[in-house]
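Please read this report with the sequence and the model side by side. The text starts with the overall fold and ends with single residues.

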Amino acid sequence: MPLVVSEAEAAALVNLAPRTLQAKRLDGTGPAYVQLTKRRIGYSVEALRVWVANRSARSTADATVKLGGVA
């Protein structure tokens, strides 16, 4: 697997639409990204793994806390 994947590939890996991933990048709730060029964004596979791991939960109460909602 490559070290860095495109925005479209990253969205597919985490099962989100590319627009959702873009919105999460803009509001700061998405995975860390790499500015490859002035107009091209990429995501390291490791950053995607960490982001998913940090959002993993064992119960709905745990998930609500991790996502910043009200239990």
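Predicted model: local features only at pLDDT ≥ 70, side-chain atom pairs only at ≥ 80, totals over all residues.

Residues are numbered from 1 along each chain as its sequence is written, and side-chain values use heavy atoms, with hydrogens and water left out.

**Fold**

The protein chain contains four helices and three strands, arranged β-α-α-β-β-α-α from the N terminus on. Helices (H or I, at least four residues) and strands (E, at least two) are DSSP runs, numbered from the N terminus. Of the 71 residues, 25% count as buried (under 20% relative accessible area; exposed is over 50% and partly exposed in between, with a 1.4 Å probe and protein chains only). Among contacts (heavy atoms within 4.5 Å) between residues at least 6 apart in sequence, 40% join residues at least 24 apart.

**Sheet**

The three strands make an open, antiparallel sheet in the order β1-β3-β2. The edge strands β1 and β2 each pair on one side only; strands pair if DSSP finds at least two bridges between them. Two bridges join β2 to β3, and V34 stands opposite G42 in β3.

| β1 | 4–6 |
| β2 | 34–35 |

Helix α3 (residues 45–55) lies across β1 and β3 and runs at about 65° to β3. For such angles, axes are lines fitted to C-alpha atoms, for helices over the stretch in contact, and angles run from 0 to 180 degrees between N-to-C directions.

**Charged side chains**

The structure has one salt bridge, defined as a side-chain nitrogen of Lys or Arg within 4 Å of a carboxyl oxygen of Asp or Glu. E7 and R25 form this contact at 2.6 Å, N to O. The pair links distant parts of the chain, with E7 in helix α1 (residues 7–13) and R25 in helix α2 (residues 18–27), 18 residues apart. E7 has 17% relative accessibility and therefore counts as buried.

The charged end of R25 also sits over the ring of Y33, 5.6 Å from its centre. That term requires NZ of Lys or CZ of Arg within 6 Å of the ring centre and within 35 degrees of the ring normal.

**Loop residue**

N15 is in the loop between α1 and α2. Its phi is near 60°, a positive value in a residue other than glycine. N15 counts as exposed because its relative accessibility is 71%.
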